[in-house]
Amino acid sequence: MAETLLSGKGLKKYYDVSAKNLFAKKKSDVVKAVDGIDINIPKGKTIALVGESGCGKSTLGRLLIHLIEPTEGEALFEGKDIYHLKGRDEKAFRKDASIIFQDPYASLNPRMKVKDLIGEPLLTHGMKDSKERYAKVAELMSISGLKTEYANRYPHQFSGGQRQRIGIARALALNPKLIVCDEAVSALDVSIQAQILNLLKSLQRAYDLTYLFISHDLSVVRYISDVVYVMYLGKIVEYGDPKTLYASPKHPYTRFLLDAVPIPDPSQKNRTKMIVEGDIPSAINPPSGCRFRTRCPQAVEKCAAEEPKLVGDTVSACACHFPLV
Amino acid sequence: MSDAILEIKNLKTYFKTRKGLNPAVDGISFNIEAGKITALVGESGSGKSMTAMSILGLVPQPAGKIMPESEIWFEDQDLTKLSERTLAKIRGNEISMIFQEPMTSLNPVYTIGKQLMEPLRIHQKMSKADARALALKYLEMVRVPDPERRMSSYPHQLSGGLRQRVMIAMAMVCKPKVIIADEPTTALDVTIQAQILKLLKDVQEQLNTAILFITHDLGVVAELCDDVCVMYAGQIVEKATVEMLFENPSHPYTAGLLKSLPRVDDDVDMLYSIEGMVPNLINIPEGCRFASRCPKAMEKCREKEPPKVMIETGHEVHCWLYE
Ligand SMILES: Nc1ncnc2c1ncn2[C@@H]1O[C@H](COP(=O)(O)OP(=O)(O)OP(=O)(O)O)[C@@H](O)[C@H]1O
Ligand SMILES: Nc1ncnc2c1ncn2[C@@H]1O[C@H](COP(=O)(O)OP(=O)(O)OP(=O)(O)O)[C@@H](O)[C@H]1O
Ligand code: SF4
Ligand SMILES: [Mg+2]
Ligand SMILES: [Mg+2]
């Protein structure tokens, strides 16, 4: 087992979304975006977070690099609690952890040249000498597969895939140990997606990077990750290595999620698959007991009365009263 | 081929831009048959939506133009030559559409019931009671829970999945001969996508409608469709039945695309990847549009437009390799 780089314990993030209207009936509405999650991220590996829209993936990702404050819980990076870092330690953590977003365009300042966009984190962390900085930028550009002669161009002069390469170059600028990739390839076309996924994989090998890879695409996740965490309404319902998890999911939700993925092979189109009924319930008043019970075909009274605990070991675990065999 | 309900012949839809002429759809031909689902698959900007818009007579004006040599045959009429008034009667009645974002075609100020009943009242001159009964029947058919209550709901009160079901009901209610569905499940979660695809297939089989299904997801093509046209940079590069295409992908672009897909049912160490990117269509050079990225490109590929070769019955490839 690789050593742990980052671990979260009892992490919670609640958002108060009650109507702030004076005359409205007093009612407190709280979105429990992340509701008590333990997660372990080993060094040099890729941990994936999967689940449907709104289940809390981005919120958990942001908590884990302290872009937002937790409502409760702690997270240890190389043994130190990231929510109580000060001075030099805090600055070091900002260098060690970075993030790549889904929409590279929205996250890049349109009025800055590419060399300054990529150089920005270097500048904020004290690399004042522009010659030294641009030399580093050129290196980052070529690592990320961008022609260095494009250094003076603006973001709108690049295609979606190239912009994502700019995002990657920026994220790599401070030699991070951990990169959160939040739907980093979701907006890209298949042929470009393959280029970026391969780039991420080879960068990981070259620089011993650790990734937290957030995605709703289970095919991409199988390709890139070492451990997959499946989320549903703010909770982890199952985790395991992709090969085993995909071959024999234990949680009914994982099974539904996998069965729903279309397979590009017509000879498999009549395979038996389970299609889950209904929509995801609101995160404001999630169902009692097991949150999946309202859509689960095998739910019984116990599922409504008692919340299933995540049972397993460090390699895999599942939170269901009646796990699949 | 006699079953073709819609025949697209040499369709060219060009856009005038400040930088020059953009041949967004450039000489494509294909048929849509009754009772079948035909996929139009390709990457962003390849011209899928503009093909749909051309069929429906909704090409953005004045920038876009269907070129005079284009033909779109539907029931002995060339749609490209019809007046907007005649087209408007066909649209939403005999040819209807489902879009990616249902809110673009649902009217936020009217109830679901009113929107379902209106085309029946207008196009088919039905009484209010009859239209209401039929609207309810279709909401049941697309398995909207509690349809009575939903008739008086407004679009924003429904989830994304429910809205897409309502859209399907709306597209079906006039019993169109053709439905054009432009990425109807792209914005949905996979579990909801699976529900909607199954529904679409069930309803299509019941009504024997022809569907043109636009998508960029080859998984969805394999799962749902019968025939497929692969588009690249405004042209169809390969056309086949779904079985033939996946069994024997013959255009280097199709073959590369299939190899570069990560698989949910298999492990790979490194993905195959097609180098480079889609060329800019303005002032596109002569020859094959894929040549700059093609691992098999030959000299003539860069010089002359490749021929359309029938490599087996019902399997056409737009490539010099098979000449
Ligand atoms: N700042 C906020 N204020 C209120 N609610 C929020 C806020 N941020 C997130 N939420 C809510 O928290 C829940 C989890 O959101 P989150 O963005 O983490 O989901 P996600 O899994 O990343 O979804 P997606 O796949 O759509 O990106 C959602 O119900 C969302 O509406
Ligand atoms: N109003 C317009 N003016 C000029 N060009 C346009 C206009 N609308 C579309 N185009 C061009 O037509 C081409 C094809 O666009 P189209 O929307 O058909 O692509 P698509 O295959 O549907 O892509 P996507 O998968 O992103 O929906 C693009 O090059 C686009 O820039
Ligand atoms: S605990 Fe019950 S409701 Fe939850 S997934 Fe398991 S069987 Fe279904
Ligand atoms: Mg998110
Ligand atoms: Mg489109």
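Ring pairs join Y232(A), Y253(A), F256(A) and F292(A) into a cluster. The model is a predicted one. Over all chains, the structure holds ten aromatic pairs.

**Aromatic pairs in chain A**

- A pair of aromatic rings is described by the distance of the centres and the angle of the planes.
- The ring centres of F77(A) and F93(A) are 5.0 Å apart and the planes stand at 70 degrees, so this pair is edge-to-face.
- This pair links distant parts of the chain, since F77(A) belongs to strand β4 (residues 72–77) of chain A and F93(A) to helix α2 (residues 87–96) of chain A, 16 residues apart.
- F77(A) and F93(A) are both buried.
- For Y150(A) and F158(A), the ring centres lie 5.9 Å apart with the planes at 70 degrees, so the pair is edge-to-face.
- Y150(A) and F158(A) are buried.

**Charges over rings**

- The charged end of K201(A) is placed over the ring of Y223(A), at 4.0 Å from the ring centre.
- R133(A) lies over the face of Y134(A), with 5.4 Å to the centre of the ring.

- Q195(A) is found in helix α6 (residues 190–207) of chain A.
- The relative accessible area of Q195(A) is 11%, and buried means under 20%, so Q195(A) counts as buried.
- The side chain of Q195(A) makes a polar contact of 3.2 Å with the side chain of R165(A).

**Surroundings of ligand 1**

- The residues around ligand 1 include Y15(A), V17(A), V31(A), A33(A) and E52(A); also among them are S53(A), G54(A), C55(A), G56(A), K57(A), S58(A) and T59(A).
- By class, this shell divides into five nonpolar, five polar and two charged residues.
- In chain A, β2 (30–42) and α1 (57–64) each supply at least two residues of the shell around ligand 1, and α1(A) gives the most, with three residues.
- On its own, ligand 1 has 640 Å² of accessible area, of which the protein covers 61%.

**Surroundings of ligand 2**

- Ligand 2 is surrounded by 13 residues, and the closest are S44(B), G45(B), K48(B), S49(B) and M50(B).
- The shell around ligand 2 consists of four nonpolar, six polar and three charged residues.
- At least two residues of this shell come from each of β2 (20–33) and α1 (48–56) of chain B, with α1(B) giving the most, three residues.
- A backbone N or O atom of G45(B) is 2.8 Å from an oxygen atom of ligand 2, and a polar backbone atom of S46(B) is 3.2 Å from an oxygen atom of ligand 2.
- S49(B) places a polar side-chain atom 2.8 Å from an oxygen atom of ligand 2.
- The protein covers 66% of the 640 Å² of accessible area that ligand 2 has on its own.

Definitions and conventions
Residues are numbered from 1 along each chain as its sequence is written. Chains are lettered from A and ligands numbered from 1 in the order in which they are written. This is a predicted model: local features need pLDDT of at least 70, side-chain atom pairs count only at pLDDT 80 or more; totals for chains, interfaces and linings use all residues. Side-chain values use heavy atoms; hydrogens and water are left out. A residue is near a molecule or strand if one of its heavy atoms lies within 4 Å of it. Accessible areas come from the Shrake-Rupley method with a 1.4 Å probe; for residues, only the protein chains shown count as cover. Helices (H or I, at least four residues) and strands (E, at least two) are DSSP runs, numbered from the N terminus. Ala, Val, Leu, Ile, Met, Phe, Trp, Tyr, Cys and Pro count as nonpolar, Asp, Glu, Lys and Arg as charged, and the others, Gly among them, as polar. Rings of Phe, Tyr and Trp (its six-membered ring) pair if their centres lie within 6.5 Å; planes under 30 degrees apart count as stacked, over 60 as edge-to-face and the rest as tilted. Buried means under 20% relative accessible area, exposed over 50%, partly exposed in between (1.4 Å probe, protein chains only). A charge sits over a ring if NZ of Lys or CZ of Arg is within 6 Å of the ring centre and within 35 degrees of the ring normal. A polar contact is a pair of N or O atoms within 3.5 Å; within protein, one must be able to donate a hydrogen and the other to accept it, and residues adjacent in sequence count only if both atoms are side-chain atoms.
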